[in-house]
Amino acid sequence: QTAEIRSPISGVVIDRKTGDSDRKVEPGDRIRDSLSGFASGTVLMKVAQLDRLFFDVEINEMDAPRVHRGQACEVKVDALPGRSFRGRLARISPSGTPGKKGIFVFPTEVALQELDESLRPGMTARARIVVDLCEGCVKLPLMRLFTETCSGKKVSAVYVAAAAGKAPERRVLTTQSNDGEFVGIRDGLKEGDKVVQRPEGR
């Protein structure tokens with residue numbers, strides 16, 4: 001006697017393994033209905049809807065206050081070097097979980113907005129989330145910036161190379177947000193300025 005098994009969704013069969021094992025269901029095997037008892041049923045195959053792709057990322061607790069659902073991001077897949085895809089944050093966990101080095105992370109789901117036949121479930125991907133835009137800003141390595149107190153207020157400043165024979169010029173900057181590596185400079189620097197190390201004793 002044969003039985004017809006229908007999938008509750010339309011999609012593509014991506015796996016025929018039995019549960020988490022490497023074994024496939026073979027003719028003659030006894031299968032279990034999930035409705036026949038308290039135990040889960042036998043997994044015959046896995047079906048995926050490839051017209052909607054998501055992947056999971058972890059947001060560092062220091063960055064969590066700056067991200068929100070619907071935020072745009074750039075997705076890069078390790079197996080497809082040189083290419084990037086548009087995505088958006090679809091879901092952010094309201095609670096964090098312990099991550100590496102004791103830092104809490106927030107599990108986040110990214111929905112891809114661009115689909116491609118070369119994308120496959122299980123591929124490793126990374127997301128670069130746009131948390132702020134700084135139009136017309138100059139990008140400066142964060143390590144070149146120093147903070148000092150001026151008239152009772154903390155300001156960000158750098159030293160810029162001057163003409164030959166002259167001491168470097170100190171400039172106070174108006175900064176934008178940073179990504180932990182670079183900072184956006186809204187005022188105080190222009191493209192082409194050469195930032196130098198802070199002179200000793202200053």
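**Exercise 1. Work out how exposed Asp193 is, and what its side chain pairs with.**

Step 1: Asp193 has a relative accessible area of 21%, so it is partly exposed. (Buried means under 20% relative accessible area, exposed over 50%, and partly exposed in between, with a 1.4 Å probe and protein chains only.)

Before going on, keep in mind that this is a predicted model: local features need pLDDT of at least 70, side-chain atom pairs count only at pLDDT 80 or more, and totals for chains, interfaces and linings use all residues. Residues are numbered from 1 along each chain as its sequence is written, and side-chain values use heavy atoms, with hydrogens and water left out.

Step 2: look for a partner. The side chain of Asp193 meets that of Lys190 in a salt bridge, 3.2 Å from N to O. (A salt bridge is a side-chain nitrogen of Lys or Arg within 4 Å of a carboxyl oxygen of Asp or Glu.)

Step 3: check the partner. Lys190 is exposed, at 53% relative accessible area.

Step 4: follow the shared partners. Salt bridges join Glu169, Arg171, Lys190 and Asp193 into one network.

**Exercise 2. Find which residue forms a salt bridge with Arg126, and where the two sit.**

Step 1: the partner is Asp78, with the closest N and O atoms 3.2 Å apart.

Step 2: Arg126 is in strand S8 (residues 125-129) and Asp78 in the loop between S4 and S5, so the pair links distant parts of the chain, 48 residues apart. (Strands are DSSP runs of E, at least two residues, numbered from the N terminus.)

Step 3: Arg126 counts as partly exposed at 48%, and Asp78 is partly exposed at 44%.

Key:
Helices (H or I, at least four residues) and strands (E, at least two) are DSSP runs, numbered from the N terminus.
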